[in-house]
Amino acid sequence: MKNKKLLILIAIVVIAIIIFIFIIPKMSKTKKIGKNSSSQEIVDYILNINSYEAQIEVKTNSNKNSNKYMLKQQYIKDKVSTQEVQEPTNIAGVKIIKNGNSLKLENTALNLSSIIDNYDLISDNCLDLNCFIDDYLNNDDASYEEKDGQIIMKTSNSNDNKYTQNKELYIDKNTGNPTKMEVTDINKNITVYILYKEVKINSLDEKNIIAFSLYNMPKGV
């Protein structure tokens, strides 16, 4: 009888040890980002985004002119990403749908679409948060700093485009959400300025992106 109680006690101790060694650390890794999160935890959170939905304001500058756009973005890692123009009104409804090495340009107002396979510049879209993440992960010189309640992640473009050479992503330390992104050329002039009006991270699946099902619809439908 004593041996049986001893075995039960040993089993309880073993289970407790397993919980403390394996389960509790995993729970701590999956905790929500908040004001008590460290800068490194927030950076890791951004780099491991699986999906996001964002309303962004974009300003582009060139030697000839400046333009302003309102866009809606949706992204699912390794699946699909979409970008729809909301303003200006003359091109509102234009949608870019990226799936693997294919790019679909769609205009919902005119009901026109075209597909470009193996689009060479598909990985050079400086407006996409996921492209920033790829550049950061593939750049040995990428870094971050904390300033005025924000974390600034810095990287450079993975190609030789002199107009989008450097990128800085600003993240609110209290929420873990991006607030803005600045893209600069080789002379440090801002060529693209992105203001994140609303961001939802890791809240999407394929069913949330209608364009994904339309894109994969069989021909003739």
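Student: Where does Gly176 lie, and which residues does it touch?

Tutor: Gly176 is in the loop between strand 9 (166-172) and strand 10 (178-184). Leaving out residues up to four places away in sequence, Gly176 touches Ile33, Ile42, Tyr45, Ile46, Ile171 and Ile201. One of these, Tyr45, is 131 residues away in sequence, while the C-alpha atoms of Gly176 and Tyr45 are 7.8 Å apart.

Student: How do you know that Thr184 is buried or exposed?

Tutor: The relative accessibility of Thr184 is 12%. The limit for buried is under 20%, and Thr184 therefore counts as buried. Thr184 is found in strand 10, and its contacts beyond four places in sequence are Tyr163, Thr164, Gln165, Asn166, Asn189, Ile190 and Thr191.

Student: What class does Leu103 fall into, buried or exposed?

Tutor: Leu103 has 6% relative accessibility and so counts as buried. Leu103 belongs to strand 5 (residues 102-107). Its C-alpha atom is separated by 9.8 Å from that of Thr82, which is 21 residues apart from Leu103 along the chain.

Student: What makes Asp78 and Lys188 worth a separate description?

Tutor: Each has a positive phi in a residue other than glycine: near 65 degrees for Asp78 and near 70 degrees for Lys188. Asp78 lies in the loop between strand 2 and strand 3, and Lys188 in the loop between strand 10 and strand 11. Exposed means over 50%. Asp78 therefore counts as exposed at 73% relative accessibility, and Lys188 counts as exposed at 59%.

Student: Which peptide bond is called cis, and what is its omega?

Tutor: The cis peptide bond joins Glu87 and Pro88, with omega about 5 degrees. Pro88 is placed in the loop between strand 3 (80-87) and strand 4 (94-99).

Student: How is the packing of helix 3 against helix 2 described?

Tutor: Two packed helices are described by the angle between their axes and the distance between the axes. The axes of helix 2 (residues 39-47) and helix 3 (residues 129-137) come within 10 Å and cross at roughly 115 degrees. Val43, Ile46 and Leu47 of helix 2 meet Ile133, Tyr136 and Leu137 of helix 3. The residues of this contact divide into 6 nonpolar, no polar and no charged.

Student: What makes a set of residues a nonpolar core, and which residues have the most contacts inside the largest one?

Tutor: A nonpolar core is a set of buried nonpolar residues joined through side-chain atoms within 4.5 Å. The largest has 29 residues, and those with the most contacts inside it are Ile46, Leu129, Met153, Leu169, Met181, Ile194 and Tyr196. Among the elements that each supply at least two residues of this core are helix 2, helix 3, strand 8 (150-156), strand 9 and strand 10. The largest share, 5 residues, comes from strand 11. In soluble globular proteins, nonpolar side chains tend to be buried together.

Student: Which residues does Tyr196 touch beyond four places in sequence?

Tutor: Tyr196 touches Ala54, Gln55, Ile56, Leu129, Leu169, Pro178, Thr179, Lys180 and Met181.

Student: How do you know that some stretches call for caution?

Tutor: The predictor's confidence runs from 0 to 100, and pLDDT stays under 50 over residues 119-123 and over residues 217-221. The model has 8 contacts beyond four places in sequence for residues 119-123, and 0 for residues 217-221. Where pLDDT is low, the predicted coordinates should not be read in detail.

Student: What are the values for the protein as a whole?

Tutor: The mean pLDDT is 80, and 70% of the residues reach 70 or more. The protein has 4 helices and 11 strands. Buried residues make up 36% of its 221 residues. The protein exposes about 14100 Å², of which carbon and sulfur atoms supply 52%.

Technical notes. Residues numbered from 1 in each chain as written. Heavy atoms only, no water. Buried < 20%, exposed > 50% of the residue type's maximum accessible area, 1.4 Å probe, protein only. Areas by Shrake-Rupley, 256 points an atom, 1.4 Å probe, with all protein chains shown as cover. Contact = heavy atoms within 4.5 Å. Axes fitted to C-alpha atoms, helices over the stretch in contact; angles between N-to-C directions. Nonpolar A, V, L, I, M, F, W, Y, C, P; charged D, E, K, R; others polar.
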